[in-house]
Amino acid sequence: MNKYLHDFPLLCEKDEKGRRLAYLDNAATTQKPQSVLDAVMEYYQKSNANPHRGIYDLSMKATNVMESSRERIRSFIGAEKTDEIIFTKSATESLNLVAQSYGMSVLHPGDRIVLAVSEHHSNLVPWQIVAKAREAELVYLYTDKLARIIPEEIEEKINERTKIVAVAQASNVTGVINPVERIIERAHQVGAVVVVDGTQSVPHMAVNVSSMNADFFAFSAHKMLGPMGFGVLYGKEELLREMPPFLYGGDMIEYVEEQASTYAPLPEKFEGGTQNVGGAVGLSAAMDYLDKAGMENVRAGEKELTSYLMDQLHSVPHLRILGPDDPQERIGVVSFVMEDAHPHDIATILNADGIAVRSGHHCAQPFLCRLGVTATCRASLYLYNTEEDIDRLAKSLKNVRRWLNVGVR
Ligand SMILES: Cc1ncc(COP(=O)(O)O)c(C=O)c1O
């Protein structure tokens with residue numbers, strides 16, 4: 001029995017056929033342990049008020065809870081200062097913040113923005129908008145047959161004209177871990193800043209933004225056991241200080257006059273409007289849970305389970321895995337295709353067997369185009385998954401072509 005599973009009420013539920021859900025869509029969102037559910041509930045039961053606004057005790061309590069969550073988040077990702085931790089509603093908002101605030105301010109016609117072709121649309125579309133507005137050039141780092149960034153691309157494409165490099169630490173399609181340290185080193189050599197999309201990496205491995213030397217780092221709470229509607233942007237203080245606000249309104253101002261305003265210091269400058277304190281509390285509790293498990297153990301356990309998943313998937317006839325087999329090179333996010341079977345059909349058949357996987361383009365259409373497919377099925381693991389989940393997946397996959405009446409030919 002997996003030692004984490006019993007902490008996740010949803011995953012312990014049984015359906016009318018007496019089956020547990022084999023939840024293999026963790027790259028989309030993760031389930032929540034009881035401790036996270038309790039922490040959010042307790043916040044609303046005992047500490048809820050609008051933070052930073054009232055001078056009565058309860059509002060100050062809410063402010064304290066919010067600021068101690070910021071400290072918890074800072075320490076989890078190894079940032080140096082709490083002022084470098086900006087609360088947002090999602091990784092998507094964090095990445096838009098950097099694109100709109102930093103990108104719009106520093107880019108000039110002819111400058112380069114370099115992205116990996118494997119980026120999620122959230123780290124791609126915002127840069128298309130900025131590139132167009134500032135007449136900058138959007139350049140892609142391409143991948144090899146195993147969906148890994150080609151090393152020579154890093155040296156060639158990140159050149160003196162490059163002002164911004166935006167890259168995910170781990171791919172949400174293939175699970176490939178990108179060489180972000182090498183990319184950051186190269187970008188800094190030419191004076192560019194690097195925006196790391198950590199949405200798929202922070203949940204699965206120990207991350208330290210200071211030793212990585214990332215300039216910006218974005219992620220979402222809900223992909224790491226926390227609640228939806230809460231995200232984080234880490235940014236180096238000297239960069240954040242110079243950037244204009246992204247959202248304007250309450251809480252982010254210093255003085256407002258009829259015709260002009262001055263803005264609050266960091267981090268409030270970027271936190272216009274009432275913040276999702278319950279979300280911050282939930283993420284802190286999720287980080288407590290992950291720290292108790294130990295991120296090294298989370299990564300080691302996932303590597304083992306990924307090897308098992310690879311072996312089982314390889315035993316399914318007509319199935320092809322995208323990306324490398326070696327768990328050292330990837331997280332437990334595995335895309336695959338099957339001859340003569342559309343991913344949506346596969347996912348529908350798996351669903352009937354009580355197995356949840358994702359099918360489609362995974363918000364990474366340019367990458368799927370590069371991989372030569374229009375859609376894939378994706379099984380993605382987290383610490384509560386078991387070999388039994390994977391056995392059920394493999395067994396069900398072996399029946400797919402028969403159900404679709406293509407296996408007999
Ligand atoms: C790599 C990556 N970046 C960004 C996002 C966007 O996250 P959110 O939808 O929580 O904003 C996702 C979501 O799947 C992702 O996988």
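Ala 147 sits in the loop between β4 (137-141) and α6 (151-157), where helices (H or I, at least four residues) and strands (E, at least two) are DSSP runs numbered from the N terminus. The model is predicted, so local features need pLDDT of at least 70 and side-chain atom pairs count only at pLDDT 80 or more, while totals for chains, interfaces and linings use all residues. Residues are numbered from 1 along each chain as its sequence is written.

Ala 147 is not a glycine, yet its phi is positive, about 65 degrees. Most residues other than glycine have a negative phi, and most peptide bonds are trans. Ala 147 counts as buried because it has 22 C-beta neighbours inside 10 Å. A residue is buried if 20 or more other C-beta atoms lie within 10 Å of its own, exposed if 12 or fewer, and partly exposed in between, with C-beta atoms placed from the backbone.

Asn 213 also has a positive phi, near 70 degrees. Its place is the loop between α8 (209-212) and β7 (216-220). With 16 C-beta neighbours inside 10 Å, Asn 213 is therefore partly exposed. A cis peptide bond joins Leu 266 to Pro 267, with omega near -5 degrees. Pro 267 belongs to the loop between β10 (261-263) and α10.

Helix α5 (residues 125-134) has Pro 126, Trp 127, Val 130 and Ala 131 as its buried residues. They lie on the same side of α5, because they cover an arc of only 130 degrees around the axis; the arc is that of the directions from the helix axis to the C-beta atoms. An α-helix has 3.6 residues a turn, so residues three or four places apart point the same way. The packing partners of the buried residues of α5 are α4 (91-106), β3 (112-116), β4 and β5 (162-168).

The chain is assigned domain 1 (5-30 + 294-403) and domain 2 (37-291), with bounds from an automatic or database domain assignment. Their C-alpha centres are 28 Å apart. Between them, 25 residues of domain 1 are in contact with 30 residues of domain 2, contact being C-beta atoms, placed from the backbone, within 7 Å. On the side of domain 1 that touches domain 2, two or more residues come from each of α11 (295-314), β12 (333-338) and α13 (365-371). Helix α11 has the largest share, 5 residues. That side of domain 1 divides into 13 nonpolar, 6 polar and 6 charged residues, where Ala, Val, Leu, Ile, Met, Phe, Trp, Tyr, Cys and Pro count as nonpolar, Asp, Glu, Lys and Arg as charged, and the others, Gly among them, as polar.

The largest nonpolar core has 119 residues, and those with the most contacts inside it include Ile 77, Val 165, Phe 216 and Ala 286. Such a core is a set of buried Ala, Val, Leu, Ile, Met, Phe, Trp, Tyr and Cys residues joined through C-beta atoms within 7 Å. Helix α10 (residues 277-293) gives the most to this core, with 9 residues. Domain 1 and domain 2 each supply at least three residues to this core. Leaving aside residues up to four places away in sequence, Ala 286 touches Val 36, Ala 221, Met 224, Leu 225 and Gly 226.

Around the ligand are 13 residues, of which Ser 90, Thr 92, His 120, Asn 172 and Ser 220 are the closest; a residue is near the molecule if its C-beta atom, placed from the backbone, lies within 6 Å of it. This shell has 3 nonpolar, 9 polar and 1 charged residues.

Definitions and conventions
Two residues are in contact if their C-beta atoms, placed from the backbone, lie within 7 Å.
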